[in-house]
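Here's a quick briefing to read with the model open beside you. Start with the residue named just below, then work through the topics in any order you like.

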Amino acid sequence: MAIISEVEEESSSSRPTILPFRATFDSSNPLGFLEKVFDFLGQQSDFLKKPYVEEEIAVAVRAAKEKLRKAEKKAEKETVKPVEKKVEKPVEKKVEKETVKPVEKKVEKETVNATVAASSAEPMEVEKPKEKEEKKEAGPIVPNKGNGADLENYSWVQSLQEVTVNIPVPSGTKARSVICEIKKNRLKVGLKGQDPIIDGEFFRVVKPDDCYWNIEDQKMISILLTKHDQMEWWRCCVKGEPEIDTQKVEPESSKLADLDPETRSTVEKMMFDQRQKQMGLPTSDELQKQEILKKFMSDHPEMDFSNAKIN
């Protein structure tokens with residue numbers, strides 16, 4: 001199976017250039033296709049020179065396995081409950097009828113409001129868009145040492161699996177005076193009788209049953225959140241807060257030991273072969289072939305290999 005893809009690469013003018021990638025996929029030798037992919041990455045980018053590239057590849061392998069498992073579960077559910085076609089048609093028709101009418105009314109109201117605002121409150125309309133533009137111009141911030149952010153009322157750090165939130169409180173604060181509600185997609189934390197310190201929606205879903213909080217030294221609320229998707233870096237803890245630049249996150253040390261033996265050996269072999277190619281040295285397969293050839297030559301000294309062309 002021939003596969004041709006286009007890869008975007010940022011140029012100096014910030015416009016992406018498209019590079020063609022061609023490879024033939026043989027189902028009996030998938031590693032050969034992966035080696036060509038890594039060879040292409042090594043020639044066209046600095047991805048493989050990153051210090052933690054092994055972990056990122058290992059994470060991608062785990063994510064691919066997880067997707068296969070989810071796809072299999074979905075396929076099983078669809079075979080058990082294949083009754084959802086009748087609901088689609090009536091719902092679509094209702095939505096079309098309901099959305100047409102209110103849109104016309106909104107347009108009429110907006111035109112009337114626009115004429116009134118133009119004659120009476122022009123300065124107010126000019127200030128609001130400026131504020132929005134200023135907020136948009138503020139780009140992502142550099143993450144702290146824990147790959148999170150230090151904000152005005154709290155700080156947070158993260159790994160691929162967990163997020164830890166630290167909230168300073170007055171010295172002597174006890175657990176019974178703390179309100180902490182951790183839901184699947186929302187967090188609310190504060191002290192009784194006061195406005196919440198944090199009250200918002202998570203950047204991504206968490207596992208409430210695997211989350212907990214405590215008070216450290218009666219002056220710090222510490223909350224441990226377990227991510228539902230443990231293959232993604234969060235840009236913020238709560239939506240609406242400043243976001244970090246995830247490209248500047250420093251991953252943990254490599255965890256190839258967490259992989260099963262087969263996956264680990266595959267990843268290590270691919271990384272070894274790619275390093276060998278970058279240095280102009282033979283890959284593991286080529287080294288194996290050379291050893292076989294040397295053994296054959298030593299077993300047959302009567303043969304002359306001086307003029308032999310060996311691929």
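Glu 35 is buried, with a relative accessible area of 16%; buried means under 20%, exposed over 50%, and partly exposed anything in between (1.4 Å probe, protein chains only). Keep in mind that this is a predicted model, where local features need pLDDT of at least 70, side-chain atom pairs count only at pLDDT 80 or more, and totals for chains, interfaces and linings use all residues. Residues are numbered from 1 along each chain as its sequence is written, and side-chain values use heavy atoms, with hydrogens and water left out.

**Around Glu 35**

- You'll find Glu 35 in helix 1, residues 30-44; helices (H or I, at least four residues) and strands (E, at least two) are DSSP runs, numbered from the N terminus.
- Leaving aside residues up to four places away in sequence, Glu 35 touches Lys 269, Asp 273, Gln 274, Lys 277 and Asp 285, a contact being heavy atoms within 4.5 Å.

**Salt bridges**

- The structure holds nine salt bridges, each one a side-chain nitrogen of Lys or Arg within 4 Å of a carboxyl oxygen of Asp or Glu.
- Side chains of opposite charge can pair when their charged atoms come close.
- Lys 269 pairs up with Asp 285, and their closest N and O atoms are 3.7 Å apart.
- That pair links distant parts of the chain, with Lys 269 in helix 5 (residues 261-278) and Asp 285 in helix 6 (residues 284-299), 16 residues apart.
- Lys 269 is partly exposed at 26% relative accessible area, and Asp 285 is partly exposed at 32%.
- Over in helix 2 (residues 53-80), Glu 66 and Arg 69 are three residues apart, so about one helical turn separates them.
- The side chains of Glu 66 and Arg 69 meet in a salt bridge at 3.5 Å, N to O.
- Glu 66 counts as partly exposed at 34% relative accessibility, and Arg 69 is partly exposed too, with 47%.
- Another salt bridge runs between Glu 243 and Arg 235, with 3.3 Å between the closest N and O atoms.
- Glu 243 is partly exposed at 35% relative accessibility, and Arg 235 is partly exposed at 34%.

- Three strands make an open, antiparallel sheet in the order 6-7-8; two strands pair if DSSP finds at least two bridges between them.
- Strand 6 (178-182) and strand 8 (198-201) sit at the edges with a single partner strand each, so one side of each has no neighbour in the sheet.
- On average, neighbouring strands here are turned by 5° against each other, direction ignored; axes are lines fitted to C-alpha atoms, for helices over the stretch in contact, and angles run from 0 to 180 degrees between N-to-C directions.
- Strand 7 (residues 186-191) pairs with strand 8 over four bridges, in the antiparallel sense.

- The protein chain averages a pLDDT of 77, and 71% of the residues score at least 70; pLDDT is the predictor's confidence in each residue, from 0 to 100.
- Residues 6-13 stay under 50 in pLDDT, and the model has 18 contacts for them beyond four places in sequence.
- Residues 91-112 also stay under 50, with zero contacts beyond four places in sequence.
- Where pLDDT is low, the predicted coordinates should not be read in detail.
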